[in-house]
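Have a go at each one before reading its solution.

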Amino acid sequence: MKYKLTSQQIASHVGEEIVILNHNKGAYYGLDEVGALVWNNLEGEPKTLEALCEAVTDEYDIDAETCRGDIELLLEDLISEKLVEITE
């Protein structure tokens, strides 16, 4: 299973964070530095949860289990707001 950004959003980098607009809802969202790293990885092509965890653990001192749980929660939130969708 892979995750990708939906076409219902546009995003802009603000410093090390990202501001996202869901243009169907007219709602704005913000991602902190770690969330921005996940978002940036999804901008190029669909990614697996494992690939996203690897990108985060390569950059930050966090154990793989905690990272996986945190990214799963982030992806669930992004999916519920229709900013990310599951593909393949």
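Helices (H or I, at least four residues) and strands (E, at least two) are DSSP runs, numbered from the N terminus. You're looking at a predicted model, where local features need pLDDT of at least 70, side-chain atom pairs count only at pLDDT 80 or more, and totals for chains, interfaces and linings use all residues. Numbering starts from 1 along each chain as its sequence is written, and side-chain values use heavy atoms, with hydrogens and water left out.

**Exercise 1.** Find the strand that holds Val19, and say how exposed Val19 is.

*Solution.* Start with the element: Val19 sits in strand E3. Next, take its relative accessible area, 33%. Buried means under 20%, exposed over 50%, partly exposed in between (1.4 Å probe, protein chains only). Val19 is therefore partly exposed.

**Exercise 2.** Work out which residues of helix H2 are buried, and how they're arranged around its axis.

*Solution.* First, list them: in H2 (residues 49–59), they're Leu49, Leu52, Cys53, Ala55 and Val56. Now look down the axis: they fall within an arc of 160° (taken from the directions from the helix axis to the C-beta atoms), so they line one face of the helix.

**Exercise 3.** Trace the salt-bridge network around Arg68.

*Solution.* A salt bridge puts a side-chain nitrogen of Lys or Arg within 4 Å of a carboxyl oxygen of Asp or Glu. Step one: Glu50 pairs with Arg68 at 3.1 Å between the closest N and O atoms. That pair links helix H2 to helix H3, 18 residues apart. Step two: Glu72 also bridges to Arg68, at 3.8 Å.
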